[in-house]
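Dear colleague,

Please find below the structure I promised to pass on to you. My notes on what was found in it follow after the sequence and the model.

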Amino acid sequence: MSRTMAMFALLLAGLLAACGGSSGSGGTGGGGGSSDPGAGSSDMGGGIIDALYSSPEMESLLPTNVDGMAFTISSFDYSKIPLDQAAQAFGDASLEGWLGKTGKNWTDVRWASGSTDLTGEKTATITVMRVIGADSAAILDWWGGSSFNMGDGATTVNLGGKTVQKVSYPGLPTVIYQWVKGDTLYWVVAGPESFGDAVVTATK
């Protein structure tokens with residue numbers, strides 16, 4: 001899988017987490033469609049997945065409610081499953097090769113996503129990936145580069161004390177945001193723009 005496709009796999013994972021398999025708005029979920037990082041355990045039931053595989057630390061980075069819009073949250077801690085099953089659970093084997101090159105492995109990977117009701121006037125999906133101890137530049141290199149093909153219209157803004165890359169595209173109702181904080185990568189797709197700014201500001 002290419003880096004570009006890897007990004008969309010992660011984003012799709014967040015969307016699927018919101019649309020199915022989670023425990024409810026503002027709660028913790030798991031499982032979902034086959035592209036969801038927790039999909040390998042979706043038959044086990046949300047409560048068991050929460051106990052076995054979730055990452056409360058990652059979930060704490062995400063807002064549970066912004067401007068009255070509740071978020072459904074899912075997370076996955078890859079140190080809690082056998083190494084030989086981690087790539088399948090993540091849904092993107094390309095990350096495994098990158099981890100090896102940087103001296104990391106699946107036990108260093110944490111993931112979380114949060115989504116609002118995607119049918120409303122205000123929508124947002126947040127995807128967060130942490131590779132414990134990894135350099136932020138190295139994470140962006142795997143992700144596809146610091147600009148990640150965001151286009152010439154990308155701007156750098158400060159939202160909630162974060163330096164964020166932000167871009168909107170003509171004809172699309174959503175805005176894309178990207179930033180790194182230490183060893184953690186954040187990716188937000190939200191709309192309208194004012195709501196997206198509020199979501200990024202509320203994300204820790």
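Helices here are DSSP runs of H or I with at least four residues, numbered from the N terminus. With that in mind, and remembering that this is a predicted model, please look at Gly144, which comes just after H6 and takes a positive phi of about 130 degrees.

Helix H6 itself spans residues 136-143, and its buried residues are Ile139, Leu140, Trp142 and Trp143. Viewed down the axis of H6, these buried residues fall within an arc of 160 degrees, so they line one face of the helix. At the N-terminal end of H6, the cap is provided by Asp135, a side-chain oxygen of which lies 2.9 Å from the backbone nitrogen of Ala137.

The second topic is charge pairing. Side chains of opposite charge can pair when their charged atoms come close, and the structure holds five salt bridges. In one of them, the side chains of Arg130 and Asp183 meet with an N to O distance of 3.1 Å. This pair links distant parts of the chain, since Arg130 sits in strand S6 (residues 123-131) whereas Asp183 sits in the loop between strand S9 (175-181) and strand S10 (184-191), 53 residues apart. Buried means under 20% relative accessible area, so Arg130, at 19% relative accessibility, counts as buried, and Asp183, at 13%, counts as buried as well.

Two further salt bridges involve Lys166. In one, the side chains of Lys166 and Glu193 meet at 2.7 Å, N to O; Lys166 lies in strand S8 (residues 162-168) and Glu193 in helix H7 (residues 193-202), so the pair ties together parts that are 27 residues apart in sequence. Lys166 is buried, with a relative accessible area of 10%, whereas Glu193, with a relative accessible area of 38%, is partly exposed. In the other, Lys166 pairs with Asp197, and the closest N and O atoms are 3.0 Å apart. Here too distant parts of the chain are linked, with Asp197 in helix H7 and Lys166 in strand S8, 31 residues apart. Both Asp197 and Lys166 are buried.

With kind regards

Methods. Residues are numbered from 1 along each chain as its sequence is written. This is a predicted model: local features need pLDDT of at least 70, side-chain atom pairs count only at pLDDT 80 or more; totals for chains, interfaces and linings use all residues. Side-chain values use heavy atoms; hydrogens and water are left out. A salt bridge is a side-chain nitrogen of Lys or Arg within 4 Å of a carboxyl oxygen of Asp or Glu. Helices (H or I, at least four residues) and strands (E, at least two) are DSSP runs, numbered from the N terminus. Buried means under 20% relative accessible area, exposed over 50%, partly exposed in between (1.4 Å probe, protein chains only). The arc is that of the directions from the helix axis to the C-beta atoms. A polar contact is a pair of N or O atoms within 3.5 Å; within protein, one must be able to donate a hydrogen and the other to accept it, and residues adjacent in sequence count only if both atoms are side-chain atoms.
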